[in-house]
Amino acid sequence: MWFKNLREDIKAAKANDPAARNGFEILLTYSGVHALSWHRVAYFFHKIKLKLLARIISQTARFFTGVEIHPAAKIEGGVFIDHGSGVVIGETAEVHKGTVIYQGVTLGGTGKERGKRHPTIMENVTLSAGAKVLGGFTVGKGAKIGAGAVVLKEVPPYATVVGVPGRIVRIRDPESPEHKNAAIAIAALNAEAKAEAAALREEAAKAAAKAYLENEAEKKKR
Ligand SMILES: CC(C)(COP(=O)(O)OP(=O)(O)OC[C@H]1O[C@@H](n2cnc3c(N)ncnc32)[C@H](O)[C@@H]1OP(=O)(O)O)[C@@H](O)C(=O)NCCC(=O)NCCS
């Protein structure tokens, strides 16, 4: 499980960082990837009630990576923390796969809530540099939180939120007609390309068969 998550984290780093060259380099030098791997060890010890040991591991990881993750936070494999420095993820936070977290992001509480007081970040969310997401609400999948935004309430899927306090400036809905039309156009192009490839293959097969028959006829003549 630990290795599977690590592989997914490395894949996420490759997919999201144009500067990433290969998996080995990411494994050796990406502090965000290291922070998540340490966190999974801390999470294990927290689960089996060795909470002090879990805390020591999490603080050691913070010292080396600049990323502080509470041992109880739930983070799926395939999350990418870019640059690492100054990221804080609270106890009851949840982060789903495909999410990208830049430096200076806080997934925290407002100080007014008890119980679930840190956010749940759904799949493929972008948390830009310095964004603060505070409270026990959900940030919907595919949402983008702008650099320096302070988000204090629920964010719908595919929304872009910017500013202080955070406000929605756009919702890119994959169910919208533009998205659907684009998907249909791509599917049509693919179907056209497939039909063209099949026609070319058939033509090539016919030409090969003709050449073979001509060759055989030539042999018989001799
Ligand atoms: C929010 C963000 C992800 C862009 O999302 P988007 O959906 O493409 O949004 P747009 O760029 O079209 O911007 C939408 C509006 O929000 C504004 N806006 C965008 N980012 C903003 C920010 N961080 N703070 C305040 N306003 C912002 C734009 O000016 C635009 O306003 P307008 O409609 O009045 O012109 C991006 O602007 C951002 O903040 N990126 C930071 C990425 C980062 O952290 N990089 C660090 C790498 S080290």
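User: Which residue in the turn of the hairpin formed by strand 14 and strand 15 has a positive phi?

Analyst: Strand 14 and strand 15 make a hairpin with 4 residues between them (strands are DSSP runs of E, at least two residues, helices are runs of H or I, at least four, and both are numbered from the N terminus). Keep in mind that this is a predicted model: local features need pLDDT of at least 70, side-chain atom pairs count only at pLDDT 80 or more, and totals for chains, interfaces and linings use all residues. The turn residue with a positive phi, about 90°, is Gly-163.

User: What is omega for the peptide bond between Val-164 and Pro-165?

Analyst: Residues are numbered from 1 along each chain as its sequence is written. That puts you in the loop between strand 14 and strand 15, where Pro-165 lies. Most peptide bonds are trans. The bond joining Val-164 and Pro-165 is cis, though, with omega at about -10°.

User: Is the pairing of strand 12 and strand 14 parallel or antiparallel?

Analyst: Strand 12 covers residues 144-145 and is joined to strand 14 by 2 bridges. Here Ile-145 stands opposite Val-161 of strand 14. The two strands run parallel.

User: Which residues come nearest to the ligand?

Analyst: There are 13 residues around the ligand ("near" means a C-beta atom, placed from the backbone, within 6 Å). Strand 14 (159-162) and strand 15 (167-171) are the elements giving two or more residues to this shell. By class, the shell has 5 nonpolar, 6 polar and 2 charged residues (Ala, Val, Leu, Ile, Met, Phe, Trp, Tyr, Cys and Pro count as nonpolar, Asp, Glu, Lys and Arg as charged, and the others, Gly among them, as polar). The nearest are Ser-128, Ala-129, Gly-146, Thr-160 and Val-162.

User: Which strands stand at the edges of the open sheet, each with a single partner strand?

Analyst: This sheet has 4 strands in the order 2-5-8-11, with parallel pairing. Inside that order, strand 5 (residues 94-95) and strand 8 (residues 120-121) pair over 2 bridges, and Val-95 stands opposite Ile-121.

User: At roughly what angle do the axes of helix 3 and helix 4 cross?

Analyst: Axes are lines fitted to C-alpha atoms, for helices over the stretch in contact, and angles run from 0 to 180 degrees between N-to-C directions. Helix 3 (residues 31-47) and helix 4 (residues 51-65) have axes that come within 8 Å. These helices therefore count as roughly antiparallel (over 145 degrees; under 35 is roughly parallel, 65 to 115 roughly perpendicular and the rest oblique). The crossing angle is roughly 175°.

User: Which residue has a positive phi although it is not a glycine?

Analyst: Most residues other than glycine have a negative phi. Look in the loop between helix 3 and helix 4. With a phi of about 70°, the exception is Lys-49.

User: What radius of gyration does the protein have?

Analyst: The C-alpha trace spans about 95 × 40 × 30 Å along its principal axes. A compact globule of 222 residues would come out near 17 Å (the radius is taken over C-alpha atoms, and the globule rule is 2.2 Å times the number of residues to the power 0.38). The protein itself has 26 Å.

Terms used: Two strands pair if DSSP finds at least two bridges between them.
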